[in-house]
Each structure stands twice: as structure tokens, then as C-alpha cells.
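Hi there,

Here is the structure I promised to pass on to you. Have a look at it first, and then read on for what turned up.

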Amino acid sequence: MKSVKNHLSLIVALFTIVFTMQIYIIVDRTVIAYESDLNENYSIVVVTKKKVGTDSLVAMSPKIKSAEEISTKEVISQLQSQMKQRHIDLLKLSLPHFYSLHLNHYPAPSEIKELRKKLERHSDITRIEDFAQSHDTLYKLLLLFKSVIVIFAIAVFAVTSLLVLKEMRIWQFQHNERMSIMAMFGAPVWMRSAVLFRLSIVDAIIASVLAIGTFTYADFLKVGSEQLQSIGIDILLFDPVNDSLLIVGIALSLSIILATLIVIGHKEEV
Amino acid sequence: MDKVILAQDLSLAYNTEETIISRANFSVGSGDFVFITGASGSGKSTLLRSFYGALKPENGSLIVGGVEVNKISSSKLNFLRRHIGIVFQDYKLVKEWTIGKNVALPLIINGYAKDICDIQVDKLLNHVKLSHKVDKYPQELSGGEQQRVAMARALAHNPILILADEPTGNLDDYSSRLIWNLLEGANTQLKATVVIVTHHIPEDLAVDYKHFNIEGGDVYEVS
């Protein structure tokens, strides 16, 4: 019973840490997916007097990923029933060319301004539509999400540090006496610390298995994923290979660091 | 006779302002049975601690088992301690280990095989009349029984030097007698050097002994 209690305190601490870390990873993935989604849906439209090569537009800034001409055929075909063919032919001749520019990443308002200035230098571009107002709102929302996850990360770090420190004090209290007694009979450091490391590795593995089990089950039940899909965000909530490895790695690293700190900080009681 | 402990101008202190043992000169020969007495706070336990390297001399020289404690490295200190058996007044048993494992501790540290450990533990627990409690935990035993376990542990690896700090301080007559018998046996049969810190030297001791007293930081032999 006592042994279970000893294990439980570290398992709970480690489980809390890896669980919170995984939640942080999910939130981070959501924000990245949201940003990528915004970027895919965002483009700057430029209007030129005459046809220009899309490559020349892409070459204007490294921020431009691709450029494509917007076909006017659809608009003209809609007008065909209302206008005479002669007028339509005239319209075709006088109609400017429209290009949609896609960017490498979702830009900040300052980047849009900078890009606009560059595009304005092009002699054939007569008009630029950057949808600045709606972009601004979305960009602020994105910044808000990013700030939230930074605050969340700080909170995770603070909670993790407190839990590790608390656990360290408990462990120091639990193991100091035994380590001192072993030292008095000439046990080398590795032997004195062996129990500590064994305990920490076993607890780290148990905490990891619990966390992996929880997230696998949550993924199976599709907890959260349907809500995210409803707002157009389709992300992997739990990657069975990479996330499991990360969870095991973090839990093992933390517990080994904890055990090492205790071994280093051990003072012989005599 | 070889010197197991040799102190020359030995000074011991926990801080630089307060010297507990001052410029002491004494020696303990191989196979000696030694009592160290003195008033409370005179430095008896401090002196004993220095013998197993838990306290380094402030000044002077202290040689234990041929090793200069002042300059000892941690690996050499571990090696020295593997040849010493220590008995504490407060037993210092590992609470989360069974009695059997506590007794086996010095054997495990010295790298003995499990079957040898088992035989030795069984033999020693028989000596201290506790073989029936091999699987119990220290907190399940009385003070006297715990001290007998500590005694068995100190003898487990046939040490060349046994250090005992008030080994019978809190014990009933039966346990005290058992402890003294074991210490005498270790000295006469195993030829171990025994150094005991105590307030009271038993009158019915069956061995010849040396007696050092500590007074005012000085260690002197009482003839």
C-alpha cells in the first residue's frame, strides 16, 4: 500500500504534466491549421491594363507564392443574354486583366502595405485589392489565439515547474535517509541512486501509458474533432506514433532529471 | 600490533569557531576493544563520525585502516566504509526494506551472491534471535529488536572495524546483553576491532578493553 502511494504521487504529477503538454500541442496545432486555412483563403487581387506573365508578378516579392489569372469568361457569359454580341466583343477588348496573388504565409497588415507599395511600382497594374479591412479583423483574431497559447504555454511551464519542485521535495524526504544509510556502508553513488532511477523510470512509463491511453480513447470517441471540423479545422488530435514518443520522452526526461537533481542535491545524514 | 586508528594532533569541528576535539593524539590497535566515554556534548559521537569519514578533520591527521581520512577521495571512502560495521543509537534501518534486506545491505554493497547473502542473513538473525522476523519491516519491531537487527547488519560482512554509538542506550536488559555478547564475539572470534561510544561501561564484560575519555576537547586513555 505504501509502495503504491509512493508511486502514485509521481505518476499523478507526471501524468498531469504530459496531459497538459498534449493539450498545448493540440491547441497549437489548431492555431496553425487556422492560420493555414486563413492563408489559403486569402489572396490579393491585382488589375492590369494588359496581359502580364504570372511569373513576373511572382518575381515582384518573395512573399508571393503563386499568381493566377482570374478568368473573365464566366462574367461575360452571364452578360451574353443581356447584351448584344457586338457590345460583348467590345467589352472583351476593353476589359482589364485580373490576377489573384497567393502568399507564402498569412501576412501581417504591415506586410500587406509593403507588398502593396511594391505592386504599385508595376507600370501595368492599375488597381490592387488587398481586402485590408476584413484581413485586419481576422489577423487580430489570429494574434489573440496566438497570445492565448503563449499564455497557456507559460502556465504549463509554471505548473510543470511547481509540480516537479514539489515532487523533488517529497522524493528528497523519501529517499534521503535510505541513501545516507547506504552511503555509510560504502555503497557507490550508482547503487544508492539505483532505486530512485528505477522508480522514476517505472513511474514515467506508467504515466505515459495512462496519458497515451486517455488521448487514444478521446481520439476514438472523436472528442473535440467534430467541433473543430464544423469550423473548417481538420487536424490530427493525437498522432499515435509521434505524440506517443513525445509523451514517453517528456515523462522519462522529467523523471530522470528529477532523480538526477535529487542525487546531486543529496547530503549525507550522519 | 597494527594501528587500525591513528590520530595525531587531531582537531574536529563543525564550524571554525567551535572546536570539539582539540589536538588529540591516540591510537587503536588491531583487535582492540575500546570504550570512548565523556559527558554529553563532549564530542564522543563526533569523534566516532570522523572514524568513518562523515566528518573530516579540521586539523591534524587521522588514519583509519591505513587510509588518511583528511585526503580521502569518495571512492576510497566507500572502500573504507565497506570494511566497517556501524551501529547507531537510533538504529538507522531502512524503513521500506524488510529486516532480511536491511541485514543483507553490507553484503549487497560488497557484491556477495544472493545465496551467500541469504545464508549469512539467516545465520545472523539466528544469532540475534530474530530469524522469525526476517520478512517484517523495522517499524513492526520493538526498539530492542531493531537494535539487534542493526547489530546483525554491522556484523554481516565480517568488518575489520566495528563502530557503535551508544548501542545499548535505549535497550532493555535482555537486548543489551545480546548486543554486548555479539560485540564481544565479534572481537574475540572474528578478531574485529571494536570502538564503542557509551556513557556506561558494563561491569560483566568478558573481554579486556581500552578506555578513552573525552574532556574539554582532549582525548586521553584511562588506565
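Let me start with the contact between the chains (heavy atoms within 4.5 Å): chain B brings 22 residues to it and chain A brings 15 residues. Of the area that chain B buries against chain A, 30% comes from B:R81, B:K92 and B:I109, more than from any other three residues. The buried area, meaning the accessible area (1.4 Å probe) that two parts lose on being put together, summed over both, is about 1700 Å² between chain B and chain A, and carbon and sulfur atoms give 62% of that.

A word on how to read this: the model is predicted, so local features need pLDDT of at least 70 and side-chain atom pairs count only at pLDDT 80 or more, while totals for chains, interfaces and linings use all residues. Residues are numbered from 1 along each chain as its sequence is written, chains are lettered from A and ligands numbered from 1 in the order in which they are written, and side-chain values use heavy atoms, with hydrogens and water left out.

Two salt bridges (a side-chain nitrogen of Lys or Arg within 4 Å of a carboxyl oxygen of Asp or Glu) cross the interface of chain B and chain A. In a salt bridge, the side chain of A:R178 meets that of B:E96 at 3.2 Å, N to O.

As for chain A, 37% of its 270 residues are buried, that is, under 20% relative accessible area (1.4 Å probe, protein chains only).

Best wishes

Definitions and conventions: Buried < 20%, exposed > 50% of the residue type's maximum accessible area, 1.4 Å probe, protein only.
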